[in-house]
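Please open the structure in a viewer and keep the selection tool at hand.

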Amino acid sequence: MAEAKNDTMQKIISLCKRRGFVFQSSEIYGGLKSCYDYGPLGIELKKNIQNEWWRAMVHQREDIVGLDASIIMHPKVWEASGHLSSFSDPLVDCLNCKERFRADKAPIVEVGAEITYKSQANKKELTKKAERSYVCPICNSPDLSAERNFNLMFKTFMGSVDPLSEVSEKLANKNLSSTEVRTLLENELKPSTVYMRPETAQAMFVQFNNIQQSLSLKVPFGIAQIGKSFRNEVTVEHFIFRSCEFEQMEMEFFCEPGTQKEWMKFWKEERINWYKRYANNSDNFRLRQHEQDEMAFYADDCYDVEYLYPWGWDELEGIASRTDYDLKKHSEASGEKLTYFDQQGINPETGKPGWRYTPYVIEPAAGATRALLCYLIDAYAEEKGVDAKGNEKVRTVLKLHPRLAPIKVAVLPLQKKNGMPEIAREIVQRFFNEGITAKYDENTAIGKRYSRHDEIGTPYCLTIDFDTLEDNTITIRDRDTTEQKRISVEDAISEVRKRLEL
Ligand code: GAP
């Protein structure tokens, strides 16, 4: 069973490469760990997911506005948010096989249990008592280094001076201890050190006043953002599930203190229903409330939207009730009051109208690239059937929701002659004019073209054949049922529009 699920992942990874959805980054140089490139179809799928999110979260709501903030922010942002001091993973080195891994992701054992593993030095079997509640994920050894916290933020340097040449001059010919070298390095590099944002969320807090005041927004309101985030992830996990560079779709919803419970109820339902809307198997999505010890100390509630991946239930989106923590932290650190004045609101302390408060926040934080993976898994199907000669065959089909499909309609001339390409190109142009993604495709036999479009999730194929030349009709083939129906060329747009529910 586990093997079959692993096999499904391998098939999806292979399809992603073969059909141009996702490639390993810098592949010709051996690839870069946990970094991926989204190819011609991957970028379309990702944009479609992001557009659907933006439509639901911004365009179809009166109370949410957008933001596109810079990736590099003032380093004090990360000091105030706590990312510099505590956005870290506990890392451990295996003293047997030398693997470095995350303690919180390692296989769990009972402290004191007898653990058997193979010595890397002499290949003999050893038995040792576990001193911790986990062992090495590679060799099962309980012989481990101390845990060290490793900050996940990528550092870089800003400014016209190369800090390394400055520091190397100061270090030259000095006989310093490693601690002294480290202190000197830190002091010299600090003024020019900046960070690649590890989440898009902080900009929404930092720009709270500018956005609220420029649009005279009334609480409750939200600020939404889609963009890249960067984390120096040590664990390589499940293809694009955990990447070093990924895209997030986050929204900070600012509400009156005391109303956060009802908004949490609203947003958790809204978000799970959004995922289910585009899914074939909606039972594979669920909400899971965090245990008290799982939550950040400042949060008063938290849910994960989880998906049943081939390796089991795992996180897709986090929905956190973050109280007034972030706005207060940035207020303290910047000296700028990040508060809201409600003229009509009754001040609980005075009992009179006019209440200035720090809004509470509900944050639905989704991963766009993780959603892409989950919709690929949800859509992937292998169906048994028979070919034109009656032989058994397996059809691979990506049953992507039409709104997510990279190409909505493929237009296929049966032959590359007899005027068929010209008719096909004219039809494609009409779809372009309507803003519907269409693809002209004349290569290989028609059956192979259908298979190719099934594999990339194109919902409809329109075929121009000999009858078209006689009676101006074409066939429309449905990806999921493979049924074909004749329609007139004139009806092509309206038929596809109707079926796509556009
Ligand atoms: N502002 C809150 C925040 O960033 P998070 O749970 O760390 O919360 C939110 O991230 C979502 O971003 C996750 O649920 C996941 O979908 C996505 N995500 C986080 N780290 C990721 C990574 N390394 N690769 C891909 N997606 C990631």
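Select α6 (178-189) first: with 5 residues, α6 gives the most to the lining of the second largest pocket. Helices (H or I, at least four residues) and strands (E, at least two) are DSSP runs, numbered from the N terminus. On a 1 Å grid over the protein atoms alone, a pocket is an open set of points where a 1.4 Å probe fits, with protein on both sides within 12 Å along at least five of seven lines, and lining residues have an atom within 4 Å of a point.

The model is predicted: local features need pLDDT of at least 70, side-chain atom pairs count only at pLDDT 80 or more, and totals for chains, interfaces and linings use all residues. Residues are numbered from 1 along each chain as its sequence is written, and side-chain values use heavy atoms, with hydrogens and water left out.

Next, select Lys155, Glu186, Lys190, Thr193 and Tyr195, which lie nearest the centre of the second largest pocket among its 18 lining residues.

Now turn to β16 (312-323). This strand gives the most to the lining of the largest pocket, with 9 residues.

Then select Glu199: one of its polar side-chain atoms lies 2.8 Å from a nitrogen atom of the ligand. At Ser243, a backbone N or O atom lies 2.8 Å from a nitrogen atom of the ligand. Finally, select Glu363, where a side-chain N or O atom is 3.1 Å from a nitrogen atom of the ligand.

Conventions. Polar contact = N/O pair within 3.5 Å; in protein donor to acceptor, adjacent residues only side chain to side chain.
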